[in-house]
Amino acid sequence: MLAILRSEIFKFRKANIWALIFVGPVIAIFAGLVDSGELPVNSWVYTVLMMNLVYAVLFLPLITGVFASIVCRYEHQAGGWKQLLALPVTKGRVFLAKYLLLVSLVFLMQLLYLGAIYLVGNMQGFAEPFPLEIIWKSVLGGWIATFPLIALQLWLAIWFKSFAAPFAVNVIFTIPTILALNSEKLAPFYPWAQPYLMMNIGGKVDAMFFVPWDQLLIVVGGSFILFFLGGYFLFNRKAF
Amino acid sequence: MKYVVETKNLTKSFGKEQAVQSLDMKIAKGEIYGFLGPNGAGKTTTIRMLLGLMKPTSGSIQVFQQDLKKSRISILSKVGSLVENPSYYPHLTARENLEAWRKILGAPKSRITDVLAIVRLSDVANKKVKGFSLGMKQRLGIAAALLNNPELLILDEPTNGLDPSGIIEIRELIKQLPQSHGMTVLISSHLLSEIDQLATTVGVLTKGKLIFQDSIEAMRKLAKQNISLRVSDQDEAHRLLLAKGIQTDYQKDRLILSEFTDEEIANAIQFLVQKQIAIYRVEEEKRSLEDIFLQMTREDQVG
Amino acid sequence: MIRKLIQVEFLKSKRKGFWLLVFLGGFGVVALQMVNYGVRKEYLLQQSDNDWIYYLMNISNFTPLALVLGIAILTSFMTSIENETNAWKQLIALPVSKLTVYLAKFTVLAFMLLVASLLLTLFTYGYGVFLDLGAIPYGALLKYSFYPFFASLPILALQLWIATVSNNQAIPITTGVIGVLPSFSAQNLPDWLIWKWPSLMNSWNEPIYYVWLGLGVGCLLYFVGMFDFARRDVK
């Protein structure tokens with residue numbers, strides 16, 4: 001298992017596009033700096049809200065799909081799937097290794113995003129200390145909320161040979177997020193809205209995350225189980 | 001002499017590496033030009049330049065006595081090609097693939113049925129290419145190259161992926177193209193046996209340099225004959241012949257005489273017999289084209 | 001020649017799902033408002049005196065997103081027809097000029113986007129009539145359906161350029177993802193940013209400027225991409 005994961009990491013590093021994990025945080029820095037006019041409330045909180053709007057609503061769900069397609073790219077080119085699966089590995093472990101790689105990448109990107117927030121705050125010279133606990137909760141929550149989306153995107157990326165097809169599906173599900181977020185009734189149930197909701201600081205600070213536990217377990221957990229098992233079993237049944 | 005293809009000083013570099021170096025390629029009308037060289041010698045790069053897919057770093061290319069740079073489109077309308085692995089649109093059927101190219105070429109629609117029959121794909125004409133075997137895709141590529149009844153046919157490793165009967169079929173097809181359609185054919189391969197059975201002219205490329213270019217007969221002549229001698233006293237025979245000014249190659253159990261006329265051989269043997277040396281065997285050793293090819297490419301590696 | 005090449009591009013786009021995406025683009029944007037008005041029609045009708053214009057504004061919140069991402073998807077699909085099996089060499093070895101090949105692809109893509117805009121107009125009109133919002137403002141309907149198309153031509157030119165010269169389709173898709181961000185939070189961004197243009201928001205309050213700018217800058221970027229494509233060796 002570890003060997004497969006190492007091989008996956010190696011292939012990804014060699015793909016020369018791991019730099020993509022910097023794209024989001026860099027854009028977030030710009031977003032944080034553009035909106036430096038009037039600062040109401042706590043300036044950290046306001047800045048993070050502004051950066052989240054750019055980073056978490058559309059970018060985060062969409063980029064997970066790009067990552068998923070990248071980790072399947074080698075296998076889709078020139079019959080790589082049969083090469084890989086002819087090695088002494090089980091399909092299940094290959095799926096799991098690719099999934100873990102994706103989850104780790106998004107985690108790294110979230111850490112960079114945390115760094116981006118810190119950087120913006122320092123560049124603007126905020127007087128208040130860096131609210132690490134709140135922002136850490138936000139970054140961690142956003143990460144967990146991408147678990148089901150990553151599973152679905154991996155499923156689709158394995159299924160379609162073309163790069164753009166899984167992305168098209170991703171777009172179709174991600175755009176309605178904006179509408180869902182406008183509605184307090186719909187938002188908690190829409191999986192693609194969860195990254196933003198779980199990163200949206202300002203909820204109950206004493207709670208573990210910025211969304212209630214039952215929402216986390218039912219919506220994020222439920223869609224994760226559905227997408228992960230769906231991808232896992234279909235990958236196992238697919239002939240290469 | 002008017003050539004169908006003539007390159008002068010053709011050079012292509014990728015960064016520091018020179019993939020093709022000052023190539024002077026000449027292909028006369030009606031020839032089957034065998035373009036021979038090991039993998040990575042620069043054959044495909046040359047072919048890509050002949051088709052205008054790559055721009056030469058320096059040098060010129062004339063096809064049908066026209067400059068490729070200036071008249072690329074009018075030249076290409078009389079060229080058919082298959083470069084490296086065949087290209088195809090997997091989601092389209094064989095017929096639709098050909099239709100996509102035919103439209104651009106402006107060939108008559110009936111030509112699609114013809115070329116499918118030539119490469120024996122008529123039965124699967126309406127199947128998606130996605131499910132084709134490598135050999136079938138290769139045939140489709142050859143069919144595409146024949147679509148416009150070209151005056152110059154350029155085939156890069158055309159028998160890749162074909163089974164033995166397919167190879168023979170395609171070989172027979174290519175062989176008769178010059179007579180039946182007046183085509184000139186450029187065919188590249190890393191297998192000498194293939195070129196040997198097809199080509200009228202051969203060009204040998206190694207490490208981007210054209211080290212041989214002449215008729216196949218001239219290449220066969222290079223397959224010089226060696227005579228090997230087994231005698232009762234090899235040391236004495238070697239010494240005696242040397243004293244008479246006849247150089248021999250001393251090997252473990254025989255002496256090798258190379259590049260001698262029949263008369264010279266006769267004289268040498270008569271001389272040895274006179275010196276009381278018994279002759280056990282006189283054998284002719286023919287070098288195969290394969291040996292020549294290997295030697296040519298090896299010599300270049302040393303230099 | 002260009003006519004034949006365009007026909008060939010249409011032939012090759014068969015079974016690739018292009019038209020489904022074009023339909024989804026036009027229909028999807030209106031479908032979101034069907035959900036929106038379906039859930040809270042009363043509330044939405046109270047928001048404005050001019051229900052039609054308010055409805056059009058709601059739709060035009062999503063049009064730029066669908067356009068920018070749709071462009072990224074369609075261009076990537078279009079170039080992957082050749083990229084996936086290295087069919088560029090087969091196509092370019094035919095007696096065609098590379099400039100015409102590029103123009104054919106651009107034309108087909110622009111046509112698809114135009115069809116999507118037309119569908120958007122029809123669905124917007126249809127659902128608007130269904131909602132019974134009063135007198136139909138035909139001018140505004142056409143404006144919000146077709147201005148974004150012209151304003152997004154520079155993005156189309158840029159994405160086509162990136163997609164044709166990239167071996168790895170992750171690059172054009174990522175530029176598409178980045179490009180959608182300005183159209184989503186357009187107010188605070190400078191007017192020169194081409195990704196802001198489909199939202200039709202600018203400091204002059206003259207959406208028509210983006211139509212002219214779109215045509216002009218679109219042409220410019222188109223030529224840059226075309227000549228760069230022609231300059232490169234075919235792989």
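Visitor: Strand 10 of chain B: which residues sit on each of its faces, and are they buried or exposed?
Guide: One side carries Thr201(B), Gly203(B) and Leu205(B), the other Val202(B), Val204(B) and Thr206(B), and all are buried. Buried means under 20% relative accessible area, exposed over 50%, partly exposed in between, with a 1.4 Å probe and protein chains only. Strands are DSSP runs of E with at least two residues, helices are runs of H or I with at least four, and both are numbered from the N terminus.

Visitor: What are we looking at, and how is it numbered?
Guide: This is a predicted model, where local features need pLDDT of at least 70 and side-chain atom pairs count only at pLDDT 80 or more, while totals for chains, interfaces and linings use all residues. Residues are numbered from 1 along each chain as its sequence is written, chains are lettered from A and ligands numbered from 1 in the order in which they are written, and side-chain values use heavy atoms, leaving out hydrogens and water.

Visitor: What's the strand order of the open sheet in chain B?
Guide: Six strands, 7-8-9-4-10-11, with mixed pairing. The edges are strand 7 (79-82) and strand 11 (209-215) of chain B, each pairing on one side only. The twist averages 15 degrees from one strand to the next. Axes are lines fitted to C-alpha atoms, for helices over the stretch in contact, and angles run from 0 to 180 degrees between N-to-C directions.

Visitor: Which strands does helix 6 of chain B touch?
Guide: Helix 6 (residues 164-181) packs on the sheet against strand 4, strand 8 and strand 9 (184-189) of chain B. Its direction makes about 140 degrees with that of strand 4 of chain B. Contact means heavy atoms within 4.5 Å.

Visitor: Is Leu173(B) buried or exposed?
Guide: Leu173(B) belongs to helix 6 of chain B. It counts as buried because its relative accessibility is 14%. Leaving aside neighbours within four places in sequence, Leu173(B) contacts Ile118(B), Ile142(B) and Leu146(B). Ile118(B) is 55 residues away along the chain, with 8.3 Å between the two C-alpha atoms.

Visitor: New topic. How many helices and strands in chain C?
Guide: Nine helices, zero strands. Of its 235 residues, 58% count as buried. The C-alpha atoms of chain C fill a box of roughly 60 × 35 × 30 Å along the principal axes.

Visitor: Which residues of chain A does UniProt list as "transmembrane region"?
Guide: The unreviewed entry lists 15-33, 53-74, 95-114, 134-156, 163-181 and 216-235 of chain A. UniProt positions follow the numbering used here, feature names are shortened, and annotations may be inferred rather than shown by experiment.

Visitor: How much helix is in residues 53-74 of chain A?
Guide: That span is 95% helix and 0% strand, with its end C-alpha atoms 33 Å apart. Residues 134-156 of chain A are 96% helix and 0% strand, and the end C-alpha atoms lie 34 Å apart.

Note on methods:
Two strands pair if DSSP finds at least two bridges between them.
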